[in-house]
Amino acid sequence: MNKTQLSLDPSTMRLIEEKFAHKRQIALEKENELFGIFNESLTADEELALKYLYAYMPLNDMADYDGSLFLEHVRQVLQIRKAVPWGEKIPDTAFFHFVLPYRVNNENIEVVRQQLFEELYPRVQGLSMYDAILETNHWCHEKANYIGNDRRTVSPLTLIRTALGRCGEQSTLGVTALRSIGIPARQCYTPRWAHCDSNHAWVEAWADGTWHFLGACEPEPRLNQGWFRRPARRAMLVHTRLASNYPGPEEVTLARPWYSELNLLHLYADTKNLLIRIVDAEGNPAQAKADIQLYNYAELSTIVPLRTDAAGTIAVTLGLGDVYINAYGSAGWAFAKCSAEQQEITIVLSNDIARNETTLLEMAPPPDLPDLESERVTEEEKNENNRRIKEGAQIRADYEATFLREEDAKALAAECSLNAEQVWNVLRKARGNSHEIAAFIRKQSPVYGEWCLRLLEVMNEKDLTDTFMETLDEHLTFAMKVRGAADDDTFASYILNPRVHFEMITPYRAFFQEQFGESDRQTFVADPYLLAGAIDQQFIIMDDMTYYQGSATPAGSYRLMRGDRPSLDILFVAVARSIGIPARLEPSDKRPQFLAGGEWRDVRFSGAGAEPGGRAAVETGSVIWLKDDSSDEEAKYSLNFTVAYFEDGKYETLQFGFGKSDVYDAPFEMKAGHHRLTTGTRLEDGTALVRLHYFEIKPGQQATIPLIFRKQQIEIPVVGVANLSCEAESHTGQKQTLSDLTGANGAFFVWLEPDREPSKHLLRELREMKSEWDSLGVSIVCFIGEEKWSVSAGLLEDKELPANIWFGKETNGLDTLALFDPNRSDDQAAAFPIVYAVDKENRIRYHGTGYKLGISKDAINLFKELNR
């Protein structure tokens with residue numbers, strides 16, 4: 001059947017032509033590489049699809065890829081559109097926005113549609129769109145499971161290779177897979193939860209005119225199901241981003257010239273319309289930006305940055321919880337809490353800066369709402385889905401069995417005269433890329449000895465899964481050419497290391513060594529400010545054309561000579577390292593630096609207060625934290641406290657290492673100026689007790705600041721009595737009563753789904769707090785359903801978990817739970833993990849279900865209080 005030709009309305013076509021021409025002018029340095037394809041013989045659909053993609057293409061993609069990639073992508077997409085029965089049913093606007101785009105997040109772009117189509121389509125052929133979406137998610141589950149990792153998003157092929165990824169990567173795979181069979185799909189995010197730390201991403205897919213949601217790589221019997229459904233009812237914002245000016249029916253929260261952000265919250269949660277008025281000191285409407293913020297990971301984190309209209313107002317749809325608003329513009333800045341009950345708020349801008357002041361906030365999330373009875377699935381549906389999940393997990397496990405093992409690492413280490421533990425550490429992290437990493441070690445160790453291993457060790461763990469031989473060879477070979485006089489650690493971390501921030505690692509050293517001749521290289525090594533000046537004279541900063549800033553590769557940025565400011569900073573560091581200058585992004589605030597005379601020296605580029613040649617002296621001071629002896633709270637950076645630096649009307653959080661706990665041992669160095677210390681304590685209902693302390697650091701000063709945490713009034717009611725006389729079956733089949741498993745000071749009973757994200761978060765927290773659990777005299781009793789036991793074997797050997805943990809098997813649903821707590825309601829057992837804290841008198845003192853970060857910490861605090 002011939003599909004009708006693609007079309008867009010005349011006004012959209014005119015806009016696309018205008019933007020296409022603008023992008024062509026911007027990319028003159030890559031005219032042939034990017035636009036040469038338009039000299040080929042193209043069909044009308046191919047030309048329109050390409051012009052649409054180019055019109056809204058972010059600068060990093062114009063920098064990093066050539067037109068041949070985009071042409072091949074378009075041809076595969078159009079071929080699939082003709083092949084699938086629903087191709088002509090999809091409106092052209094939905095096709096352009098949710099099928100055609102090659103990018104989902106900030107992943108590396110690969111042409112994958114035909115490859116995934118050939119694997120997937122035989123499984124969905126003959127199915128309805130609805131059922132094809134469900135089947136595609138089973139395929140995704142066979143390919144990948146959840147693990148937390150860094151913010152760089154790997155490509156779908158890398159996720160398939162490594163079989164583990166965070167929710168943003170799983171949903172990138174899910175969206176790509178669905179688009180590969182011609183089904184419109186989009187990635188949805190709640191940028192930050194209000195009731196606990198972190199965030200979540202999932203997928204929406206379009207079937208016969210209706211959008212449905214699903215958890216990527218987490219199959220459910222029906223669409224619009226998933227463990228996140230209940231937490232999403234407490235969301236303050238759910239959005240999706242797309243590179244276009246969007247004409248659809250959804251609310252557009254951000255309407256930028258090159259991308260849009262849609263607000264999908266009304267599909268998940270109760271909402272309110274908030275009107276924000278921003279005025280100057282005289283009460284006149286003011287033009288300003290306003291960051292809507294939540295307390296999350298111990299900072300006031302922006303969930304959406306907004307701008308006033310001509311009348312100085314902003315209208316936005318949000319959930320029913322508290323937000324914090326940071327407004328800033330030419331008339332000054334201001335900060336205000338907006339409670340859930342408020343429908344309107346007026347914010348007055350001024351130039352006042354808080355000095356040595358403390359503000360207390362209570363940030364309440366939306367209320368927790370129960371599941372709706374109509375959304376429950378039948379036992380038959382559950383059982384069939386569980387069978388498919390078990391089958392899919394085995395398929396994935398069979399693939400993972402092809403990864404190199406510890407014995408392979410020992411043999412390779414012996415062959416190459418390297419340390420076996422170090423070799424195994426990099427091969428283990430490389431997972432499906434372990435054979436490639438081993439081949440690199442085998443090739444380069446005879447030439448460079450342990451330096452091939454040092455290169456792998458300084459890279460991020462994720463880099464080992466998607467960096468290949470050609471790239472590794474280039475970085476090692478050309479870094480060793482500029483070895484110089486730097487000590488080994490400096491050379492490894494700040495010259496050899498190809499990773500600057502979170503950009504994709506690609507070859508660039510040979511390119512930069514070729515761009516700068518020997519004479520130039522010697523000049524720049526003698527005075528790196530001259531290198532900064534040379535780059536600064538050519539590079540044009542364009543911050544508003546790329547949402548995922550800092551994603552461009554160094555070589556791509558240099559070829560285009562345009563990009564966002566973080567990409568310019570990354571470019572400087574990469575060029576410096578390529579010619580033998582130790583360089584980095586300063587860890588706390590990411591300003592570019594080079595090492596000279598044993599000191600790190602700052603570089604600033606155009607528009608950032610630079611002196612000629614990139615020179616910029618940033619004055620610094622430091623802080624010594626004073627411990628609050630009245631509190632049992634263990635200080636951990638980004639978990640219960642952060643520091644933010646005031647600049648341009650807003651506070652930007654400094655990065656001192658996620659989870660850093662040795663905070664009293666040495667001073668924290670930071671830029672001189674005004675700062676805000678944020679500490680927070682979470683209550684059981686998700687409310688955050690926040691303390692904001694403002695202070696100033698003068699150049700060269702070492703300030704002493706108390707690290708104070710607000711204390712929660714812990715009430716520990718008796719919510720029931722546990723039946724500990726019932727028996728439980730261990731993984732070996734041995735039966736014991738629950739009373740025999742209870743510790744001297746009580747027990748923490750947990751029902752888990754170890755392959756699902758909420759339970760994985762709890763297991764991670766138990767590992768992180770192992771020493772505290774081991775000292776409590778409280779046992780941890782975990783139950784796992786028989787259908788999940790095949791994916792749980794590794795837990796039995798996990799030495800990082802608390803020593804007092806025990807794993808039992810539920811052979812028939814939640815029978816042990818029913819005996820343990822016969823008074824529970826069905827809703828209380830609806831979402832995993834299911835947790836109970838039981839004191840030494842068998843009384844239930846705490847009960848919780850479902851996704852929430854901080855469960856382990858809450859339980860520890862409860863048992864400490866009980867046993868005082």
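Both R499 and E503 are buried, where buried means under 20% relative accessible area, exposed over 50% and partly exposed in between (1.4 Å probe, protein chains only). The side chains of R499 and E503 meet in a salt bridge at 3.5 Å, N to O; the term stands for a side-chain nitrogen of Lys or Arg within 4 Å of a carboxyl oxygen of Asp or Glu.

A word on the source: this is a predicted model, in which local features need pLDDT of at least 70 and side-chain atom pairs count only at pLDDT 80 or more, while totals for chains, interfaces and linings use all residues. Residues are numbered from 1 along each chain as its sequence is written, and side-chain values use heavy atoms, with hydrogens and water left out.

Now let us turn to R387. This residue is partly exposed, with a relative accessible area of 41%, and it forms salt bridges with E384 and E391. R387 and E384 both lie in helix 12 (residues 379–400), three residues apart; helices are DSSP runs of H or I with at least four residues, numbered from the N terminus. R387 and E391 are four residues apart in helix 12, so about one helical turn separates them.

| Pair | N to O distance |
|---|---|
| R387 and E384 | 2.8 Å |
| R387 and E391 | 3.5 Å |

Both glutamates are partly exposed, E384 with a relative accessible area of 40% and E391 with 38%. A network of salt bridges links R387, E384 and E391 with R123, E135, E142 and R388. For the model, the salt bridge count comes to 60.

Key
Helices (H or I, at least four residues) and strands (E, at least two) are DSSP runs, numbered from the N terminus.
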